[in-house]
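Hello,

Here is the structure we spoke about, followed by notes on what was found in it.

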Amino acid sequence: MWKRSEQMKIQSGKCNMAAAMETEQLGVEIFETAECEENAESQDRPKLEPFYVERYSWSQLKKLLADTRKYHGYMMAKAPHDFMFVKRNDPDGPHSDRIYYLVRDSEKQSHSQATLDYGMYSREEELLRERKRIGTVGIASYDYHQGSGTFLFQAGSGIYHVKDGGPQGFTSTESGVKKPVLTIRTVNKDRSSSYVPGTRAETKELANMEEDPRSAGVATFVLQEEFDRYSGYWWCPEAETTPSGSKILRILYEENDESEVEIIHVTSPMLETRRADSFRYPKTGTANPKVTFKMSEILIDTEGRIIDVIDKELIQPFEILFEGAEYIARAGWTPEGKYAWAILLDRSQTRLQIVLISPELFIPVEDDAMERQRLIESVPDSVTPLIIYEETTDIWINATPVISVLEVAFTASEIQVDEVRKLVYFEGTKDSPLEHHLYVHCDFFISKYSNQKNPHCVSLYKLSSPEDDPASKTKEFWATILDSAGPLPDYTPPEIFSFESTTGFTLYGMLYKPHDLQPGKKYPTVLFIYGGPQGQIEIDDQVEGLQYLASQYDFIDLDRVGIHGWSYGGYLSLMALMQRSDIFRVAIAGAPVTLWIFYDTGYTERYMGHPDQNEQGYYLGSVAMQAEKFPSEPNRLLLLHGFLDENVHFAHTSILLSFLVRAGKPYDLQIYPQERHSIRVPESGEHYELHLLHYLQENLGSRIAALKVI
């Protein structure tokens, strides 16, 4: 895959439709098997013979895949993650500070494939895991309460809490907790940590979605999928102490009314308990959920017992207090708990506001109109939302944190502020879209390093500086958290390349060569792509990239090029075959968007505007509406789709097939009955890999594929 350098951080290359394929490798792969006639590109070059793939039966390919799968865990194992530095007072040990993090269970390191989890979680949790692209069973995240040293996390269908018992390790305070996959390491470090109360709210499934379209404390589909916001409630970091000594805890949460949002019905995988799943899904151009903020105040006594819970609402409707706001992109509290804050976007996502919201803006929920009016009048006129930042542009605004340093804007993540030293430190891509670095300063940091040859190595470093120059830091190795296993023997690593395109942008890609590259041969090539969202420009970029590589490496056979991608990559695979069938011999499209009026509001309108104002753009961008442009030769198009997909609905594939049939165009289809947008069932993942290789073998790489062309 190659893409414009300025767009490398559209959510880590996924552009919010997310490929969702954890086994997917982005890059250009020379398919190791092929041979077909090629016109001499130059009189000076010797004519290269095509390299043909050795044909294997389905059973033989299955065995080959099983033999190579043992390396998956070695090369693709997830590194330790979700690090938290915590200062503790531990009288039983010489080191009072901790680093907590999540790691793979050592007993299950070899299992890299996702597992079937239908029925293991509530439906809301199933869908949340889908949005987060969590494909394995275990602890995916945790919350930590520093005051009590308690961890709260979900494992399977249960919610558990454990404590750090110091030398005794973790101690369970809930029956049924066995070997929580949470690793503790002590370091000699003096550092404070912010208070993050740990909590999880129980969710209750409704028997019928039409009965009550409202939800509270849960981010809706579009916010999860397109804005990467997965929570709908936020604990105030500080409790307010009353004159009697009791305390008031506050939770800000969002409430959504989806009564005007269309309901989509999808066949359920749990056929014995649910005939169909129903989802509220706002298609582009249709109504979004109506959103508002609410607040719960929990009064507890000096013993920690709950005395009362008061539910509060805004003094005026959300749309009046925050005029024009359509999406709550982010929310939270200021460190001292005085204000809640929110990042708000309008529907076109070209206006961003950061607002501070005082708890005084909320009044108890009251059905009596006169009493409610009295409560409203008791709020001083001076209490209003405070707009502390506003930005309006002609193009969409990325709501993820963006830092401007020396007039160079770039995307950053995990921003932290040292208020004492007046420093900001963060991870970002300022120097190169290919690498993430730590910028500005802190005391300790975690370094996660890997390259094309070596799997992850995770280390802890300490930063020190002279007293007279606190901005000048030197790093010192402190501890190893994960040793790299080193490169595999006889492994040919991929190569990163870049070139200047005719549009003036630097494009990047990764080239995978065959392990036994034979001189004098030219190989079929498979382009793995995700991309997004540029339409015609993207296909031009891909073709230019292929031509650039062919000018650098004579073993690339431009007469035998395949393209494959998932989700938006599936869409681009279809666009490539439709627009440049002279370049791309075979397209394998997984879960593709084929009709943009069927996709959601947040993503589609961000790039294409409202369909009523861009009918031509929606038509030209929808491959289903141009099915007559696909090639008429068989064995050139394979469609893959999970039948339960609640993101890119199977209707996208269904309507494309209808138009292909109407146009008399051939196609091949593989349905995965138990899969959503991601492939999770191990057998489905193995079948997908097997089908992919077999299709490429039979229709691109082997001698029989060349005969089919003739």
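Buried means under 20% relative accessible area, exposed over 50%, and partly exposed in between (1.4 Å probe, protein chains only). The model is predicted: local features need pLDDT of at least 70, side-chain atom pairs count only at pLDDT 80 or more, and totals for chains, interfaces and linings use all residues. Residues are numbered from 1 along each chain as its sequence is written, and side-chain values use heavy atoms, with hydrogens and water left out.

Salt bridges

A search of the whole structure gives 24 salt bridges (a side-chain nitrogen of Lys or Arg within 4 Å of a carboxyl oxygen of Asp or Glu). In one of them, Glu254 pairs with Arg229, with the closest N and O atoms 2.7 Å apart. Glu254 is in strand β13 (residues 247–257) and Arg229 in the loop between α4 (221–227) and β11 (233–235), so the pair ties together parts 25 residues apart in sequence. Both Glu254 and Arg229 are buried.

Arg636 and Glu633 form a salt bridge at 3.2 Å between the closest N and O atoms. Arg636 is buried at 5% relative accessible area, while Glu633 is partly exposed at 37%.

For Asp582 and Arg580, the closest N and O atoms of the salt bridge are 3.1 Å apart. Asp582 is exposed, at 56% relative accessibility; Arg580 is partly exposed, at 23%.

A network of salt bridges links Glu126, Arg131, Arg133, Glu225, Glu646 and Arg676.

Regards

Technical notes
Helix = DSSP H or I, 4+ residues; strand = E, 2+ residues; numbered from the N terminus.
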